[in-house]
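Please examine the sequence and the structure shown below.

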Amino acid sequence: MRTVYLNGDFVAEDAAHVSIFDRGLLFADAVYEVFSVLDGRIIDHAAHMARLERSLAEMTIAHDVAATDWAGVLATLIARNDLTEGTIYLQVSRGAADRDFLFPAPGTPPTVFAFTQARALVDNPMAQRGMRILTRPDRRWGRRDIKTVQLLYASMMKMEAKAAGVDDVWLVEGDVITEGTSQNACIITRNGHLVTRDLGHHILPGVTRLSLIDIARQSGITVEERPFTIAEAQGAAEAFVTSASLFVMPVVEIDGLGVGDGRPGMETMALRKAYIDHARGTG
């Protein structure tokens, strides 16, 4: 049984309880982060905490992130759960109050919890075969730059992909790709440029995306942050996604059409290795 963190305490998972009046439950009024753990160490910790603080500010959830030794909390969860490789999920809601669309009174304590999930990150077999992707309309709310728990549409699209026998969905507005259901979308053009969607309210500012852009530029790859279409992605030399749990994951098919030669691209796999090396070197 796992040990989880809840409102300042470490407790057994079956003893961790949240109020039925919690606004995260009633209104999806909460934000979250997912940290990758590799070799028992957190990856990109500072960037995740900075994004958490930004999400809280955008949602006006009054929670002082700096008041908690989060590095210590995460390290304790890793140690108590003997986690070598996997993820840690951290959520902060606006707290519990009688159901009302209006926010509760100032001073209502937020609900804060975190838990571990063991999973293979480096030796994910999908990295060897590549992802097959469908495209679907992006019908999420307009503030996708805030990492909220409003994930129903993403979950529905993942189920649609599963029913179709593919791996995931890229979301589109018109014919322009925004991002994946839980990843940032990237392509490598025929002239070797890395293209990923520019930041704004339309996509989440991915932490892995940010690190990978730095890695690519340091290796001499030209990075373009701009919109790209479904057709451009299908005609690209390579395609891939970035996320905390997938790292850099090749995409080999979009809406039934192969990308490149239909196999994980050499540049993508080199970037995946470079990111894993970065993770192990800086965790």
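A residue is called buried when its relative accessible area is under 20%, exposed when that area is over 50%, and partly exposed in between. The model discussed here is predicted. With the cut-off in mind, consider Asp 138: its relative accessible area is 9%, so Asp 138 is buried. Arg 144 also counts as buried, because its relative accessibility is 9%. These two residues form a salt bridge, in which the closest N and O atoms are 3.3 Å apart. Asp 138 and Arg 144 belong to a network of salt bridges that also links Arg 140, Glu 173 and Glu 179.

In general, side chains of opposite charge can pair when their charged atoms come close. The structure contains 23 salt bridges. One of them joins the side chains of Arg 2 and Glu 13, at 3.2 Å from N to O. Arg 2 lies in the segment before β1 (3-6), while Glu 13 lies in the loop between β2 (9-12) and α1 (23-27), so the pair ties together parts that are 11 residues apart in sequence. Arg 2 counts as partly exposed because its relative accessibility is 31%, and Glu 13, at 33%, likewise counts as partly exposed.

Another salt bridge is formed by Asp 39 and Arg 280, whose closest N and O atoms are 2.8 Å apart. This pair links distant parts of the chain, since Asp 39 is in the loop between β3 and β4 (41-42) and Arg 280 is in helix α8, 241 residues apart. Asp 39 has 41% relative accessibility and therefore counts as partly exposed; Arg 280, at 38%, is also partly exposed.

Helix α8 (residues 266-282) has a further partner. Its axis and that of helix α6 (residues 207-218) come within 10 Å and cross at roughly 110°. The two helices are therefore roughly perpendicular to each other. On the α6 side, the contact is made by Thr 208, Ser 211, Leu 212, Ile 215 and Ala 216, and on the α8 side by Leu 271, Ala 274, Tyr 275 and His 278. By class, this contact has 6 nonpolar residues, 3 polar residues and no charged ones.

Which residues touch the most other members of the largest nonpolar core? Among its 23 residues, they are Trp 70 and Ile 88. At least two residues of this core come from each of β3 (30-38), α2 (45-59), α3 (70-80), β5 (86-93) and β6 (111-118). The largest share, 5 residues, is supplied by α3. A second, separate core has 21 residues, including Ile 133, Ile 187, Ala 239 and Ile 254.

Conventions:
Residues numbered from 1 in each chain as written. Predicted model: local features only at pLDDT ≥ 70, side-chain atom pairs only at ≥ 80, totals over all residues. Heavy atoms only, no water. Core = buried A, V, L, I, M, F, W, Y, C linked by side-chain atoms within 4.5 Å. Buried < 20%, exposed > 50% of the residue type's maximum accessible area, 1.4 Å probe, protein only. Helix = DSSP H or I, 4+ residues; strand = E, 2+ residues; numbered from the N terminus. Axes fitted to C-alpha atoms, helices over the stretch in contact; angles between N-to-C directions. Parallel < 35°, antiparallel > 145°, perpendicular 65-115°, else oblique. Contact = heavy atoms within 4.5 Å. Nonpolar A, V, L, I, M, F, W, Y, C, P; charged D, E, K, R; others polar. Salt bridge = Lys/Arg side-chain N within 4 Å of Asp/Glu carboxyl O.
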